[in-house]
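Q: I am new to reading protein models. Could you walk me through one, feature by feature?

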Amino acid sequence: MLMQLAAAASMAAMTSCRTWLGTGHNPAFSASDDAFLEELQRASFLFFRECAHPKTGLAKDRDKATGATDKRVASIAATGFGLSAWCLADERRWVSHSEARDYVLKTLRFIARELEQEHGFYFHFIDWATGQRAWNCEVSSIDTAILLCGVLTCRAHFDDAEIRSLASEIYDRADFDWLRNGGATLTHGWKPESGFLKSRWSSYCESMMLYLLALGSNHHSISPEAWHAWQRPVLKYTGEEFIYDPNAPLFIHQYSHAWFDFRGRRDAYADYFENSVKATRAHREFCATLAGEFPHYSRNLWGISASDSARGYVVWGGPPRFGPIDGTLVPCAVAGSLPFLPREGVDCLRQMRDRYGEKIWQRYGFVDAFNPATGWVGPEVIGIDLGITLMMAENARTGFFHRTFMRNAEAKRAMRRAGFTRG
């Protein structure tokens with residue numbers, strides 16, 4: 001009976017979440033919830049304002065939680081999130097329209113004219129001032145996808161001819177057919193020293209956005225058969241059944257949803273929005289099961305995803321449990337889940353701040369991760385984690401990024417080619 005009541009309450013919450021679309025307010029949030037989320041988003045945006053280079057616009061991969069330092073390494077994924085963030089800053093008047101437009105223009109000009117690329121794809125990590133390759137890294141397909149989603153968000157948001165022209169140029173030169181390297185699925189990337197990486201995007205994860213960008217491409221599209229070529233394994237956990245990857249963090253259920261609007265749509269296999277609802281609900285229950293080891297975990301205090309830790313950057317999560325879980329909490333795991341579990345998510349985030357205060361809330365909002373069991377608090381923030389926090393909070397509040405990104409004709413075409421229908 002309790003499980004049936006919980007399922008009924010969850011269904012009611014999902015129905016409520018759908019009915020507010022276009023109204024500009026999610027009834028799951030109170031006025032104080034909205035004020036908290038606004039503060040969280042503005043703090044997250046401050047990173048993209050202070051930690052993007054003033055001439056290139058490239059956003060740092062990470063920096064100190066207390067404020068910008070002399071770190072030089074940017075990432076194209078953080079830059080993609082940053083471009084999206086500047087659209088919201090313009091929409092909410094956190095900055096002047098001219099400042100937002102000028103930032104986007106200089107960034108798109110640098111990407112289009114100066115940033116090194118290979119068949120329209122970019123090195124994962126780069127020097128924020130010069131754009132030069134860092135750390136002998138790969139040309140990354142998924143990080144380029146995040147960059148392109150940010151570029152297309154700017155094209156849809158700004159009524160500016162040069163922004164639209166540059167954004168189209170950047171997207172249109174990405175040769176997705178080259179990225180297949182003769183296979184049915186897309187590769188993870190390429191290195192000038194050794195060629196294509198052996199790994200492929202062959203199972204459900206955040207790569208849905210990459211496949212959809214490839215399907216919607218104006219000049220270098222791939223066959224819809226590629227959408228059907230990747231695997232969709234299913235997990236059953238505490239009454240939930242959902243598509244998942246057994247060794248992937250929670251963010252795989254979030255990233256594509258930051259831009260593509262899967263609500264009320266399904267393909268031949270799933271309603272991916274509801275799939276993420278189920279996966280997030282299962283993750284919350286999984287965290288509660290860890291309370292025997294780490295008493296602070298509960299249904300009210302949860303969230304584990306790839307993050308910093310006392311032993312460095314780690315990939316961990318569940319269900320099923322994987323990685324060296326040690327009691328660390330990851331705020332962006334919860335913030336990135338806000339469209340899926342809005343009430344549970346905002347309650348958890350507010351409890352984190354109320355309980356741990358200034359230790360974990362600094363210049364850019366939450367630190368990347370912290371461990372109540374040991375007292376460890378991460379000294380840094382990560383651009384992509386702040387980006388997913390800002391974007392999914394807004395999608396939960398107003399649907400701004402879904403509404404804006406889906407104005408792109410290529411996004412609509414991609415979902416049609418993948419077989420998505422309403423219902």
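Q: Over which residues does pLDDT stay under 50?
A: A word on the term: pLDDT is the predictor's confidence in each residue, on a scale from 0 to 100. Here pLDDT stays under 50 over residues 1-22, and for that stretch the model has 22 contacts beyond four places in sequence. A contact means heavy atoms within 4.5 Å. This is a predicted model, in which local features need pLDDT of at least 70, side-chain atom pairs count only at pLDDT 80 or more, and totals for chains, interfaces and linings use all residues. Residues are numbered from 1 along each chain as its sequence is written, and side-chain values use heavy atoms, with hydrogens and water left out.

Q: What pLDDT does the chain average?
A: The average is 94, and 94% of the residues score at least 70.

Q: How many salt bridges does a search of the whole structure find?
A: A salt bridge is a side-chain nitrogen of Lys or Arg within 4 Å of a carboxyl oxygen of Asp or Glu. By that rule, the whole structure holds 33 salt bridges. One of them joins the side chains of Asp160 and Arg101, with 2.6 Å from N to O. This pair links distant parts of the chain, 59 residues apart: Asp160 sits in the loop between helix 5 (141-157) and helix 6 (161-172), while Arg101 belongs to helix 4 (residues 97-113). Helices (H or I, at least four residues) and strands (E, at least two) are DSSP runs, numbered from the N terminus.

Q: Is Asp160 buried or exposed?
A: Buried means under 20% relative accessible area, exposed means over 50%, and partly exposed is in between (1.4 Å probe, protein chains only). Asp160 has a relative accessible area of 11%, so Asp160 is buried.

Q: Which residue does Glu162 meet in a salt bridge?
A: The side chain of Glu162 meets that of Arg109, at 2.8 Å from N to O. Glu162 lies in helix 6 and Arg109 in helix 4, so this pair ties together parts that are 53 residues apart in sequence. Glu162 is partly exposed at 33%, and Arg109 is partly exposed at 39%.

Q: Which residues touch the most other members of the largest nonpolar core?
A: In soluble globular proteins, nonpolar side chains tend to be buried together. A nonpolar core is a set of buried Ala, Val, Leu, Ile, Met, Phe, Trp, Tyr and Cys residues joined through side-chain atoms within 4.5 Å. The largest one here has 153 residues, and Phe176, Leu212, Trp227, Phe260, Tyr272 and Met352 touch the most other members. Helix 3 (residues 76-91) gives the most to this core, with ten residues. Leaving aside neighbours within four places in sequence, Tyr272 is in contact with residues including Trp227, Trp230, Phe262 and Arg265.

Q: Where is Ser207?
A: Ser207 is in the loop between strand 8 (195-196) and helix 8 (208-216). With a relative accessible area of 1%, Ser207 is buried. Apart from its neighbours within four places in sequence, Ser207 is in contact with Ile142 and Trp201.
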